[in-house]
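Subject: Structure handover and findings

Hello,

The structure we discussed is placed below, and my notes on it follow. Please read them with the model open.

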Amino acid sequence: MSSGGLELPPGDGGHEGGPAAEAPGGGPGGVVAGAVSLAGSATAGSVRTGVELDWGADAWTEVRTRAQRAGRAYIWLNLIEQRLRAVVGAVLRPIYEPVHGEDDWVVAAAGPAGQEWVQRAVAVREVSRRKGYLLDPADDNVLSFLTLPQLRELMVQHWPCFEPYFDDRREIELALDELEVTRNVVSRNRALSQAVLSQAERASARLLEVLGGGSGSPSAERLPIDAVEDLVGDRYADVVSVHPDRVRLQRQLPAEDLFGGARRLDAIGIGLNLLVQNYSGRRLVRLVEAGCRVRLLFLNPASSAVKRRERELGLRKGELSRSVEMNILHVRRVRAGLRDPSGFAIHVFDETPRFTAYLVEGESSGIAVVQSYLRRARGMEAPVLVLRGGGRAVARDVDHGLFPTYREEFESVWQDSRPVS
């Protein structure tokens, strides 16, 4: 009942915000699987005025999750929109601007089919001018006020103009279709599921490659840079990712991707299982024959440090030392099969093992996988840091990076180690 004595009509379940018995996704209250919901749990009749004003720890966690997903998606969408705007301008401006002028060429390119939305963009531009929203003079043009669907429409309408530059129109349209769901969710500040976010990131990466996004776009390199790392990666030194154990690392970064194409491979650890047990001897031979320099540092299986490690892990006496011996024998056989074994060095050290590290450097970039040894956890179960080591990719302050630190530690232990014949 309103203050004027009139009874308000009941909510329509078909409208946004109205009650619904079941959401299209099948979940209660309209929550799609994997999405974050902020809906209160109070039932009708038990709701009191003001009870939903306070947020508990769970609500704040949900809000932060929403913001993190939406922020990541927004960065991708922003990159795609800016790239598509540049592509449309580069292709269509030389065609329409000489005839229609600097201000009207976008209106002419839109034609009768796009008259409504292009006029709306012109009006928004004028409002932005009056209110002082145009902070950069480079944005004072109609093209800067077109949205992603409108830029797509221009591209589709004039596809013969774009065809000489791009091979597959269908691939571009499919990628933009996938992004439209994410764009709709982010623009209205709704819950974004992890599955939809991952789909949007894959579509964005593919689209940037098709549109020729340059070195800043994801590529087929060993560890491609994504849009978020490119913008905020320097907040975390050169740490690219953190994994709770080596199993999860290998799902995202298999040994083939980690070691393949390396020009320099330095590894230090107790048994170096990530290399020995996950990268075949034939591939290692091909890697060295292709010019990769390999230096492997194993813990001496006869040292007292191995016995202490066996006690920490609760292993039987000699179990760990035999495992390390088998790994050393394996890499010795690999080295024996090389035409020139001078580029493949095997050493052992007798110090207390503090970490295991794989320092891999390619033609233009490097990567390191680092694990600290925990007292009661095997190497497979220990947390993993993935570091980016230099290259042309993301500019970082090398004084605050971890890659040079572990490189220095490796060189120090290498100087005090002994070669394996």
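**Salt bridges**

Arg-264, Asp-266, Arg-295, Glu-361, Arg-407 and Glu-411 are linked in a network of salt bridges, a salt bridge being a side-chain nitrogen of Lys or Arg within 4 Å of a carboxyl oxygen of Asp or Glu. Before going further, the conventions: this is a predicted model, in which local features need pLDDT of at least 70 and side-chain atom pairs count only at pLDDT 80 or more, while totals for chains, interfaces and linings use all residues. Residues are numbered from 1 along each chain as its sequence is written, and side-chain values use heavy atoms, with hydrogens and water left out.

The side chain of Arg-407 meets that of Glu-361 in a salt bridge at 2.7 Å, N to O. Arg-407 lies in helix H15 (residues 403-415) and Glu-361 in strand S5 (residues 355-361), so this pair ties together parts that are 46 residues apart in sequence. Helices (H or I, at least four residues) and strands (E, at least two) are DSSP runs, numbered from the N terminus. Arg-407 also meets Glu-411 in a salt bridge, at 3.7 Å, N to O. Glu-411 and Arg-407 both lie in H15, four residues apart, about one turn of the helix.

On accessibility, buried means under 20% relative accessible area, exposed over 50%, and partly exposed in between (1.4 Å probe, protein chains only). Arg-407 counts as buried at 12%. Glu-361 is partly exposed at 22%, and Glu-411 is partly exposed at 23%.

Over the whole structure, a search finds 27 salt bridges. One of them joins the side chains of Arg-248 and Asp-245, at 2.5 Å, N to O. Here Arg-248 is partly exposed, with 40% relative accessibility, whereas Asp-245 is buried, at 14%.

**The sheet**

Eight strands form an open sheet of mixed pairing, in the order S1-S7-S6-S5-S2-S3-S4-S8. Two strands pair if DSSP finds at least two bridges between them. The edge strands, each pairing on one side only, are S1 (239-243) and S8 (418-419).

With S3 (residues 293-299), S2 pairs in the parallel sense over six bridges; with S5, S2 pairs in the antiparallel sense over five bridges. Arg-264 has a bridge partner in each: Arg-293 in S3 and Glu-361 in S5. Glu-361 and Arg-264 are also both members of the salt-bridge network above. Five of the six residues of S2 are buried, so S2 is largely enclosed by the rest of the structure.

The bridge partner of His-347 in S8 is Pro-419.

**Positive phi**

Most residues other than glycine have a negative phi. Two exceptions are worth a look when you check the backbone.

- Asn-189, not a glycine, has a positive phi of about 55°. Asn-189 is found in the loop between H6 and H7 (194-210), and is exposed, with a relative accessible area of 60%.
- Leu-272 has a positive phi near 55°. Leu-272 lies in the loop between S2 (264-269) and H11 (273-276), and counts as buried at 2% relative accessibility.

**Cavities**

How many cavities of 30 Å³ or more are there? The count comes to two. On a 1 Å grid over the protein atoms alone, a cavity is a set of points where a 1.4 Å probe fits but cannot get out, and lining residues have an atom within 4 Å of a point. Grid points are joined across faces, edges and corners, and a volume is the space filled by probe spheres set on the points.

The second largest cavity has a volume of about 30 Å³. Its lining consists of Arg-152, Met-155, Val-156, Trp-159, Arg-169, Ile-172, Glu-173 and Leu-176. The elements that give two or more residues to this lining are H4 (148-157) and H6 (169-187), with H6 giving the largest share, four residues. By class, the lining has five nonpolar, no polar and three charged residues. Ala, Val, Leu, Ile, Met, Phe, Trp, Tyr, Cys and Pro count as nonpolar, Asp, Glu, Lys and Arg as charged, and the others, Gly among them, as polar.

Regards

How values were computed. On a 1 Å grid over the protein atoms alone, a cavity is a set of points where a 1.4 Å probe fits but cannot get out, and a pocket is an open set with protein on both sides within 12 Å along at least five of seven lines; lining residues have an atom within 4 Å of a point.
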